[in-house]
Amino acid sequence: MVLLNLLVKPVWLVLENNVQNQIGHMAYGTFAALFSFTYLFTAFTDLGVHQYFTKQTAANPAFMPAHLPVILPFKTIISLLFPVLMVVAGWVIGYKAQELYYLTLIGFAFTFTQFTLFLRGILQAHQYFNLDALLSVLERFLLIFIIAALLYFGINLEKYVYARLASVLLTFGILFLIFRRTFGAFPARWNSSQLLRVIKASFPFAVINLVYGINEKVDMVLLERLASSEEAGIYAGAYRWVDAVMMYTWTVLPIFFAKFAAHQREPQEQQKLLRFGQVIGSVPLIFMSVFVFFYGEKLFWQFSNSSATELNLMRLNLQILFASVLVHGFFAIYSTILTASNWELTVSKLVAASIVVNVLLNFIFIPAYGSLAAAVNTLLSAVLVSGGYLALLRPKLNITIPFVLILKLGLTTLGLAGIFYILSWFSGYWWLNTILAGFALIGLLFVTRIINLSEIKANLLTPNK
């Protein structure tokens, strides 16, 4: 799965950077704000059913045939209603006709994306990880070809929105056919009492999706509303790399979510998975975060139409944002084990508290400091919520926090930064320094015994479908 993402995502990054360079920071900032505004309401496209269904099916495969026929018509209805909700919400905060039109299209794209995630969650619950890996990159694979053609013939904001919607619909259609072939037909039926039970049980996941959506995307919306579309575009240019790198985390964590859910009554097994998951989740992000600190400006080589001031602002945003990436790399796995172990509402309250702090700080500082304020507030929010995860782990799950492992990972991060610094004194070739530092990181992982070959074999060489 990681390999497939490494093959597709870099190509997509190059194309999307080119799109922003061609349509400009202001136009792209408008899209980024509308996209983020839609993301805030993602919970209403699903009401938490996706994660609840995945967890229950992973623990009990008989759950799916009993409940899926009732869930499918419900998912269809809310998929059609969600774009209407977005238009109303956009009108309330002052978006104009053209922006509301884009918001409608983006709303349809989001709702079909969530439907796709729902079907993929069922595949994950049945341990079809190889098939899920292919589907995880299909949308971007299709979008790459569409965007490449548009860049050749000419692209603007409207065509870009159309392209994203088309790739989502094609992906959903292909996945639906694969799903039918794998599991067969599930004739829809309406059972209000059964549906209400599922929605009630899914509610904690709906809450956590809502608060996570606000936590992740509220900065972009506030930037466009409180500062300008151009400021939002500059922030988006930096945040794109955060999204790209964090896609690794969002690719890996659902697998651990399904595994944690399958071992809810086995705390010793969860403890082993937690240690392994923290290593798998953090090491790549450690390397990328340290690289950005030293050579972040190298990631903006395509922005030929940007001024030196704009490029410098993007670099500063990137470095601050990747400090929050590093924090998530260390501690996102703790959120996964808590939510997979029936503590969704507790985690939601924690994230909600960090959102309140983040939004208040944004309202105070964005008008004066723009995108830099949003980046700093994102980092503070990540630190606050991660500390909460650690505080909840022992009392809620009776699982020991691996402080020694966290310390080793922290020392490895500092060691890698020192290696980059020393290499920069001896070589002016950033690419050579990066390669050498990568090999040095592997050595550090073995020296500190963060990586253990026997553990890798035990966790990665287990059979799956």
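1. Ground rules. Residue numbers start from 1 in each chain, following the sequence as written, and the side-chain values rest on heavy atoms, with hydrogens and water left out. Since the model is predicted, local features need pLDDT of at least 70 and side-chain atom pairs count only at pLDDT 80 or more, while totals for chains, interfaces and linings use all residues.

2. The loop at S427. S427 sits in the loop between α14 (403-426) and α15 (430-447); helices here are DSSP runs (H or I, at least four residues; strands are E, at least two), numbered from the N terminus. S427 has a relative accessible area of 14%, so this serine is buried (buried is under 20% relative accessible area, exposed over 50%, partly exposed in between, with a 1.4 Å probe and protein chains only). Leaving aside residues up to four places away in sequence, S427 touches L432 and N433 (contact is heavy atoms within 4.5 Å).

3. A nonpolar patch. Y429, W430, W431, I435, F439, I442 and F446 make a nonpolar surface patch of about 780 Å². Patch members need over 30% relative accessible area and no salt bridge; nonpolar side chains (Val, Leu, Ile, Met, Phe, Trp, Tyr) are joined within 5 Å, and like charges within 9 Å. The areas come from the Shrake-Rupley method with a 1.4 Å probe, and for residues only the protein chains shown count as cover. F439 belongs to helix α15 and, at 60% relative accessibility, counts as exposed.

4. Salt bridges. How many salt bridges does the whole structure have? There are 4 (a side-chain nitrogen of Lys or Arg within 4 Å of a carboxyl oxygen of Asp or Glu). One of them joins E16 and R164, with the closest N and O atoms 3.4 Å apart. E16 is in helix α1 (residues 2-23) and R164 in helix α7 (residues 157-183), so this pair ties together parts 148 residues apart in sequence. Both E16 and R164 are buried.

5. Two further bridges. D243 pairs with K217, again listed with closest N and O atoms 3.4 Å apart. D243 is in helix α9 (residues 229-262) and K217 in helix α8 (residues 192-226), so to speak distant parts of the chain, 26 residues apart. D243 is partly exposed at 28% relative accessible area, whereas K217 is buried at 6%. R225 and E224 also meet through their side chains, at 2.8 Å from N to O. R225 counts as partly exposed at 35% relative accessibility, and E224 is buried at 8%. Bridges with shared partners join E16, R164 and R240 into one network.

6. Aromatic rings. The structure holds 32 aromatic pairs (rings of Phe, Tyr and Trp, the last by its six-membered ring, with centres within 6.5 Å; planes under 30 degrees apart are stacked, over 60 edge-to-face, the rest tilted). Take F179 and F183: the ring centres are 4.9 Å apart and the planes are at 50 degrees, so the pair is tilted. Both lie in helix α7, 4 residues apart, about one turn of the helix, and both are buried.

7. Rings across helices. F291 and W430 form another tilted pair, with centres 6.1 Å apart and planes at 55 degrees. Because F291 lies in helix α10 (residues 267-295) and W430 in helix α15, the pair ties together parts 139 residues apart in sequence. F291 is buried at 6%, while W430 is partly exposed at 33%. Ring pairs link F287, F291, F293, F294, Y295, F420 and W430 into a cluster.

8. Two loop residues to look at. R449, in the loop between α15 and α16 (453-460), has a phi near 60 degrees, a positive value in a residue other than glycine. R449 counts as exposed at 56% relative accessibility. Beyond residues up to four places away in sequence, G48 touches A43, S202, F205, A206 and N209.
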